[in-house]
Amino acid sequence: MATSQNSSGPPDLDSSSPSDQSACSRSSNRSLRVAEIERRKNEAEDPFVLALKYFSDVEAGTPVTGNDDVERNLVAVERVAYSKGLPPEAISIMLEFAMSLRMGTSPCVRVLKCLIPATVVPQEAVVRAVVWLCVGKIPLSTQVLFIKWVLTMFDMIDAKDQLHSIYGFLFSFVTEENLVCVVMILLHCLRLFRVRKLLDLQSKMGRQPFLMHLLSLYKVFCPELVTLSLPSRMKAGFRNHNSQWKSALIAVQKKNSFQVTSSVSLTVRLKDKTNPRKRKHNHLEVPALSSAVNTQTNPSSSRKLVPLVQLHSFSLLLENLHHIELPAQMGSLLGSSLALQYLDCVQDESAFLRLNFWLGHALHEEFLFCSSGVSQNSEEVLQFLDRLLSSQHFLQEGFSSTEAFLYKFLNIWDGSLLRPQILGMLSNIPVVPSSCIRQLLFEPLMQLFFTSTLFFKCGLIECLNSMLLKWLTWHSVYALEDGLDISLNSHTSINMTLSGFKDSLMELVHFVGRLASVGLQIEGCHSLLLSFILDFYETVCDMFLKYGLPLVVMPPAGVFYPALFATDPVSVDRLAHIMYRYKVNLMSAKTQEKQTEQAFHISRQTYREFNHYLVVMVNCLWNSKMFQPGMGVEMEEELLVSSKVPQYWSSFDFIHHPAFLSYAVDFHHKCWPGSRNVDFNSIKHPKPWGWYLEYLYAQGFEGLKQFVQSNISRRSTAGDGQGDGLSADQR
């Protein structure tokens, strides 16, 4: 008995009886039915729901005049549309009612004007409306109004695939004179191509702004199809056609706290730019290398073209060099080293024009015309610019489109955004005429230089040094045989006279000299900045011998003296090497002036500047006659005495110079290891002095060695004065 009781206990505790479950189920169903009845009752009483039901069920041919139901229901729809916006199902019902003309044309315009979406516009509703548009019963003014509505709400359409599938229907409306303008804008948003028909229209209608804008878009994506030359600057052809829709839409979005995100940059926008366009770098993707026409080469054809994409080696490229078919999109050349080799070998000017057109459009669209700015961390941007730089380095010259872009971009650049890539492109620009180099380059760069960090200053000096090297290399490579004209780059026919080239080069060198002088003052003669500046003047000092340019430009005093009095020995050694190279170039130029009848010479002012610097260096480093009258650098005696520096005239010789003082102490310890006192005068004796110089040379100071051996006689020791130290022209 106990067992039966225990076995019957658990079911009573863990589960309910069937009657209880049935009661709970009936109670739940009753609650759902009550809630559903209440919802239907509320909806039945909602004027907006009743209005939608009315417009959905109204029969064709129902009269409008004297029909109070139409007016009451339309007012209910308008009230919701302008306050909260219409939901997607309401948009579908009202658009179908308007375009089907069930009650004639009179309510159609009013309905279209109140179609303000709360969230999105169903694509199916737009496609059905286009079908009604093709019936041909809708008045022309209403057709125009509908297309304007589609353009205004284009970014809110939930999908675009079906719209792309009816592109042919939309394109057929370009023959309608009154519709062509708005249809062009819609085709521009869809971005598909029907070029031949548009060219026929252009021949009939002329250069209409909306037509030229659509053709310009086609030329970017399929330049081989649009051979028409288009102006670089065009008036705005795609403007906002109905700002009332936009204003109402923005008001509804603010109330609903809903922000539309654009997947396609609308060209239809308000003038106050309330909702600025947001780009996704659609132009920065380098297209894949592909054939322009999908045809197979016929062996019996008289003209055999080999698509560039089919060549996989340099030998095949050479075999078919004059039978190569260029790709459909010239931007794909940047992604192929073989294609760049073709450009370098053939120098096809039409290929460069097409490539520059695509490249210029991409750079301008993504960096200049994009109001939302460019993200420095964007991987796509970095890859695109690095690909562009590697292509320019491969060709050893820049593109004209990047040059034009940089002249505009420098005026809005902050100096930090994509700094390595921008400076890399800047170093590749060709020679700029001296008449416009100040406005195009120097003014924006000067503002950036003086307001930026030390590292930007160093990067800019390095960039300008690279630019100078490339200009000098272009001169030595592309100089004509008569020596009068040089070509600016290898694929253009623009020439510049030699005197014009020298003027541009002098402007660049003097500009860097001004930057360097002021920059060293601002940064306290920082050794890092001084190093980059000396790199630049190592290029400048050898322009005559290395690059055959009859031009010698000396560094300004703001560069020479900070380098001479630098606290690090490397800077002093590099200055000595630069002065040695200046002397070699000047002596060679003087010799050629005497031996040849060539009409060039180095100015006397250049010789005077060099000799002045040479006197200062010899008296400072060797003769120990610094600050004395007639020795180059003079100061008042009272000021020097008040400094209380013993033997101030020898403070910057090879022994006491701050850059070499540690070497002098180390040398003294090695020569006189048992001496407790350091007597620097003992080093100046003839034999220790020679040992000390060899000790400095052994430390790697080759510049000092060259300077001393070429300018200073070793017949006397330091401080005695040398008779044959200055061998340059002292006219």
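Predicted model: local features only at pLDDT ≥ 70, side-chain atom pairs only at ≥ 80, totals over all residues.
Residues are numbered from 1 along each chain as its sequence is written, and side-chain values use heavy atoms, with hydrogens and water left out.

**Nonpolar cores**

- The largest nonpolar core has 136 residues; a core here is a set of buried Ala, Val, Leu, Ile, Met, Phe, Trp, Tyr and Cys residues joined through side-chain atoms within 4.5 Å.
- Buried means under 20% relative accessible area, exposed means over 50%, and partly exposed is in between (1.4 Å probe, protein chains only).
- The members touching the most others in that core are Leu 426, Leu 441, Trp 471, Met 579, Tyr 582, Phe 654 and Tyr 692.
- Leaving out residues up to four places away in sequence, Leu 426 touches Leu 406, Leu 410, Leu 441, Leu 445, Leu 460, Cys 463 and Met 467, where contact means heavy atoms within 4.5 Å.
- There's also a second, separate core of 68 residues, and Val 150, Phe 154, Leu 163 and Val 180 are among them.

**Salt bridges**

- The whole structure holds eleven salt bridges, each being a side-chain nitrogen of Lys or Arg within 4 Å of a carboxyl oxygen of Asp or Glu.
- Glu 78 pairs with Arg 110, with the closest N and O atoms 2.8 Å apart.
- Since Glu 78 sits in helix 4 (residues 68–83) and Arg 110 in helix 6 (residues 106–113), this pair ties together parts that are 32 residues apart in sequence.
- Glu 78 is buried at 15% relative accessible area, whereas Arg 110 is partly exposed at 29%.
- Glu 523 bridges to Lys 457, with closest N and O atoms 3.2 Å apart.
- Glu 523 is in the loop between helix 23 and helix 24 (527–540) and Lys 457 is in helix 22, so parts 66 residues apart in sequence get tied together.
- Through shared partners, salt bridges join Glu 71, Glu 78 and Arg 110 into one network.
- Asp 57 and Lys 53 meet at 3.1 Å, N to O, and they're about one helical turn apart because they are four residues apart in helix 3 (residues 47–57).
- Lys 53 is exposed at 53% relative accessible area, and Asp 57 is partly exposed at 47%.

**Surface patch**

- Phe 450, Val 518 and Ile 522 make a nonpolar surface patch with about 220 Å² of accessible area together.
- Patch residues have over 30% relative accessible area and no salt bridge, with nonpolar side chains (Val, Leu, Ile, Met, Phe, Trp, Tyr) joined within 5 Å and like charges within 9 Å.
- Ile 522, in helix 23 (residues 498–522), is partly exposed at 46% relative accessibility.

- Most residues other than glycine have a negative phi.
- Gln 396 isn't a glycine, yet has a positive phi of about 60°; Gln 396 is in the loop between helix 18 (379–395) and helix 19 (400–409) and is exposed at 62% relative accessible area.
- Leu 418 has a positive phi near 50°; Leu 418 is in the loop between helix 19 and helix 20 (419–426) and is buried at 2% relative accessible area.

Key
Areas by Shrake-Rupley, 256 points an atom, 1.4 Å probe, with all protein chains shown as cover. Helix = DSSP H or I, 4+ residues; strand = E, 2+ residues; numbered from the N terminus.
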